[in-house]
Amino acid sequence: MRRPISRRTLLRGAGGVAIALPMLEAMLPRSSHAGGTADFPRRFVVFFSANGTIHERWNPMGSANDFTFVDPANPEQLRILAPLEPHKADLVVLQNLAQQSRSHGPGGNGHDMGMGHMLTANTLVEGPSGYAEFSHLPDGSVAGPSIDQAIAEVISGTTPYRSLEFGVRANLDLARQLTSRMCYRGPFEVLPPENDPQAAFDRLFADLDADPAEIATLRAKRKSVLDRVGEDFLRLEAKLGASDRQKLESHLDAIRELEQSLSNDHGLLDGCAMPTVPGKLDYDANDNYPLVGQAHMDLMVMALACDLTRVTSLQWSTAQSGTRFTWLGHGSDHHGMSHEADNDEVIREQLVAINHWYAEQFAALITAMKQVVEGDGTLLDHSVVMWCNEQGNGDTHSAQEIPYVLAGSAGGAIETGRWIDAQGRAHNDLYVSLLRAFGADVDTFGLAEVCTGPMPEL
Amino acid sequence: MRTCTWVMSMLVAGCYAGIDGGAGQGDADTGESDDTAGAGTAATTGDDGPIAACGETPSPGLSPIRRLTPFEYDATIEDLFGDDSHPAAGFPQEGGSGFDNNADVISVSPLHAEKYMQAAEAVAARATEDLAALLPCDPASVDDACIADWLDEFGERVWRRPLDATEHAELLAFYQGARELHGVNEAVSLVLQTMLQSPYFLYRVEFGLPSAGDDVVRLGDWEMATRLSYLLWGSMPDDTLFAAARAGELATAEQVEAQARRMLEQPRARAMLLHFHEQWLDYAAIDGLTKDAEAFPDYGPDIAAAQRAEIDAFIEHVIWEDDGTVASLLTAPYTFVDDALAAYYDLPAPGGAGLQQVTPVGRDVAGVLTQGAMLAVQAKPHETHPIARGLFVREQLLCTIPPPPPPDLDIVPPPVDPTATTRERYEQHRNDPACSGCHNLMDPIGFGLETFDGSGRWRTTENGLAIDAAGELAGTDVDGPFVGAAELGARLAGSQMVNDCVSTQWFRYGYGRTESPEQDACSMAQLRERFAAGGFDIKELLVALTQTDAFLFRPAVEG
């Protein structure tokens, strides 16, 4: 249930306040004077689910350009990607990519490594203590930015938010922080997700009907406070040693981004509408997992449709996910089960059901994006939505055969409706292809030595 | 797909090499530390002599700038304004090395900046509802002199040091500008918002005392007051501590120790202790924990909440009412239950209101090892998890971290078998020599806790079969077979490795960083020596944390 924001334009107060003003001539929605799709921004969305997949039930059937997710010989069998059957023409199913970078750098634990390498395609780095315990890097990090941030650098423009991170029970494991985070600006610059849909709503869409004069005053006050604070930061930075100074600089950068989001007025796109108010919800309760995910996806789609951001991610739980899919009738937890699938048929079927459920959520996301009309096309047409996983096989923590699904063509830059066997190619190459699709002129991403260039199929 | 046998030799070698080289355990596993009576440690040269690891000049190690954690932010706001609304509840979760305050790992994202702004606005709005309580003058006649006085007094509390003349003048000018536009109330609010988003509030800024070219400097008195208060309270200094800073009475180790002993008597120390323990003992997940309804139909949110209350009460009692030792944490024969939790555990109802101390008879009780919260968290949703329980003891209590399964190893946990006990199933699995090399270090510890089911309840049978709670410790300074939780607790209570590990965990939490084996050798030895001298009383360890090179000194800020 979305409330259209007609004849209004969005003026952000930032930090919990975004308001609608009566439309002014100068703030006409961009699409009103753009008939085609060329003027619409390009977007990138990450959709993460954990613990690998069951390949023989995930793989499409047929050929590269003519495939199905339902087994014609056994249509009753639950197949993981079946919920995506209606969207085949908008997909690129990518089988058999590998996290080759995992063979490099420090770290040993498959969950640490898988999650850290997943979006960075780069090595891990040890913390300043030099204390890399066998399994985990207790104060370590990643070596470079995640792909969402690299793409944001190319496409984010002057949107209020360079990126927005959402999480569904994406709770931090204090002893294994690398397993619970996936988006990074760079080493030790983690972007934590917002787990609370209501807080996200308040941040992005609240006060839509507030008095414009009040909002203008609020913005002026906030700007004056942040300016004053910024001076404290600058003066202090000058007195600190190098590593402390770096921390303060990064903090000040965050404040500057906040200030920028206060200053950027922007016109609404046609598809922009008020998302459903999530309401207060025990967002950390296991059984609310589907509800929280649904609420986040609604906010993500509208944040994109309203051009509040062009890059967003949804992190379903964490590597080593302890989610219990009680709504599917399961008693045990996802991670525990992922280690029991190889010799237990019942659990294997339950894992298929879990991944099938995630496919349903992915389908719901791209369906919602298709419902946002932008010129001659839809929001999905102007986007790439990437479903990724930190493992190939949850039991062996395999870095091979990682399943990916892309949806959307980034405005025609990617040819969809295809199934590609990447034959063990480094996932770096996928990210190079994506960066190019979004207009970056790059030959490598992440750990350069495992890159072989963009994927020719893309 | 590879299987266990693929890596047999590498894994076993790796495991033993790992245990021998594991950091954070000193040399307790060299076989020479059988004497665990507590009279000094391997890191000391003798009873009264200087600590060998310490040289002529202090070695404080690194001292990264520290930002308030959400826990510290909330406590500080409460102490400043009496505002107990927990404004940091929605801050992003952060941390590393097992603790939420690891200064090397945590960083500020744009989401943080926005949350800080929102929190500052909300706190300032509440604080300025009653200007009479906030300002040192009649709110009906607020003039610049009043604000100047307020900045002197309150500014010192917010930034935990006196404002210098420039800062004072800037804030006053900021106030005056804001008052012209928005009036007194809102101007005061904006000044507060500014101060609460300033690095001088959000960070613990230290420069140390000026020195003539030394690499190592002492802390200034205000800096020391802040170090003490956040270490022992997780909050800002109180009036006494500020007065000591103002009077220059935090300059010597003895003065610092006297304050530490005073501070440990205050209620804030209790909250900090629990905050440490829920991280060290990894039981925060008890909040909202759910279990498989088929396996544990009676386990619901009320039981999980009661188990949280139980372990909190237990830890508080050991530290503050009992002797406060690590041994008591691991062996105390009592716990705390209300009638409902007693019924769940099949214990006699204690009666009375709320939690009551009880000493169960006819079953193993071993301090935190048999706390319901611990056992329920270190378990699967539908059954026990001996590996997780054993791994918990190794990682959190012994500070030895077994290596992970090698890449691409096909891990085959034992299938569910209703005609066998969990132990029988895991033992069969462990018969594979490729896996047993490392799993011998974990699983047999967990087997000793099999008399407690996956929700923390005592049991003597499983699937109609008698529980075998025989276990074994290996690769420790207290190796050998044992039976049941009480024997395990007693064994660990006599372990120097465990006491050293407790020191290590407190070092990480107390100083917000992982120890460096070289640079922090002296501070670690100082901690262990004093901990031993204090009979391994955790309160003495807390005092000891204020007496190390790492606490009393810091590296000079490089030019």
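# Briefing on a two-chain predicted model

Helix H9 of chain B passes helix H11 of chain B in a right-handed crossing, where a crossing counts as right-handed if the near helix is turned clockwise from the far one by less than a right angle, and as left-handed if anticlockwise. This is a predicted model, in which local features need pLDDT of at least 70 and side-chain atom pairs count only at pLDDT 80 or more, while totals for chains, interfaces and linings use all residues. Residues are numbered from 1 along each chain as its sequence is written, and chains are lettered from A and ligands numbered from 1 in the order in which they are written. Helices (H or I, at least four residues) and strands (E, at least two) are DSSP runs, numbered from the N terminus.

**The helix pair in chain B**

- H9(B), residues 221–232, and H11(B), residues 253–263, pack at an angle of about 35° with their axes 11 Å apart; axes are lines fitted to C-alpha atoms, for helices over the stretch in contact, and angles run from 0 to 180 degrees between N-to-C directions.
- From H9(B), the residues B:Met224, B:Leu228 and B:Leu232 meet B:Val256, B:Gln259, B:Ala260 and B:Met263 of H11(B), a contact being a pair of residues whose C-beta atoms, placed from the backbone, lie within 7 Å.
- The residues of this helix contact divide into six nonpolar, one polar and no charged, with Ala, Val, Leu, Ile, Met, Phe, Trp, Tyr, Cys and Pro counted as nonpolar, Asp, Glu, Lys and Arg as charged, and the others, Gly among them, as polar.

**The sheet in chain A**

- Seven strands of chain A form an open sheet of mixed pairing, in the order S10-S14-S4-S17-S18-S7-S19, and two strands pair if DSSP finds at least two bridges between them.
- The edge strands, each pairing on one side only, are S10(A) (164–168) and S19(A) (418–421), and the twist averages 15° from one strand to the next.
- Strands S4(A) (residues 43–48) and S14(A) (residues 311–316) run parallel and are joined by five bridges, with A:Phe44 standing opposite A:Val311 in S14(A).
- Helix H3 of chain A (residues 147–155) packs on the sheet, where H3(A) touches S4(A) and S14(A) and its direction makes about 160° with that of S14(A).

**Where the chains meet**

- In chain B, 65 residues are in contact with 70 residues of chain A.
- Among the elements of chain B, H3(B) supplies the largest share of the side that touches chain A, seven residues.
- The residues on that side of chain B divide into 31 nonpolar, 22 polar and twelve charged.

Notes. Two residues are in contact if their C-beta atoms, placed from the backbone, lie within 7 Å.
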